Amino acid sequence: GALAATASADATARVWSAASGDCRHALVGHGGPVRCAEFMLRDTLLATVSADRDARVWSAATGEPLRTLAGHTGEIYSL
């Protein structure tokens, strides 16, 4: 079914069922507020960016972290 994503100041992003409103996954790993979350590749991946200066790529289906993209020297605000 359709999914929705949220980004939060609590350093997590969440994947939700758009139909039921149930939280499917809490994505934990950032060290600061998550500024943006966006689905990629037909909703199979979710990318997040954070005040911790990292971007991360997650499996939308399982919530597993797949990649950390490091290298920015300041906070990241968007994808």
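The legends below describe close-up views of a predicted model.

Local features are given at pLDDT of at least 70 and side-chain atom pairs only at pLDDT 80 or more, while totals for chains, interfaces and linings use all residues. Residues are numbered from 1 along each chain as its sequence is written, and side-chain values use heavy atoms, with hydrogens and water left out.

**View 1. The three-stranded open sheet.** The strand order is β1-β2-β3, with antiparallel pairing. Strands are DSSP runs (E, at least two residues), numbered from the N terminus, and two strands count as paired if DSSP finds at least two bridges between them. β1 (3-7) and β3 (23-28) are the edge strands, and each pairs on one side only. From one strand to the next the twist averages 15 degrees; axes are lines fitted to C-alpha atoms, and angles run from 0 to 180 degrees between N-to-C directions.

**View 2. The β1-β2 hairpin.** Four residues lie between β1 and β2 in this hairpin. In the turn, Ala-11 has a positive phi of about 75 degrees. Five bridges join β1 to β2 (residues 12-17) in the antiparallel sense. Ala-4 has Trp-16 of β2 as its bridge partner, and Thr-6 has Arg-14 of β2.

**View 3. The four-stranded open sheet.** The order here is β4-β5-β6-β7, and the pairing is antiparallel. β4 (34-40) and β7 (65-69) are at the edges with a single partner strand each, so one side of each has no neighbour in the sheet. The twist averages 20 degrees from one strand to the next.

**View 4. Pairing of β6 with β7.** β6 (residues 55-59) and β7 are paired in the antiparallel sense over four bridges. At one of these positions, Val-57 has Arg-67 of β7 as its bridge partner. Strands of a sheet pair through backbone hydrogen bonds, either parallel or antiparallel.

**View 5. Cys-23 and Cys-36.** The structure holds zero disulfides (a disulfide being a pair of cysteine sulfur atoms within 2.5 Å). Cys-23 is in no disulfide, and the nearest cysteine sulfur, in Cys-36, is 18 Å away. For Cys-36, the closest cysteine sulfur is that of Cys-23, and at 18 Å it is too far for a bond. Cys-23 is partly exposed, at 35% relative accessibility, whereas Cys-36 is buried, with a relative accessible area of 17%. Buried means under 20% relative accessible area and exposed over 50%, with partly exposed in between (1.4 Å probe, protein chains only).
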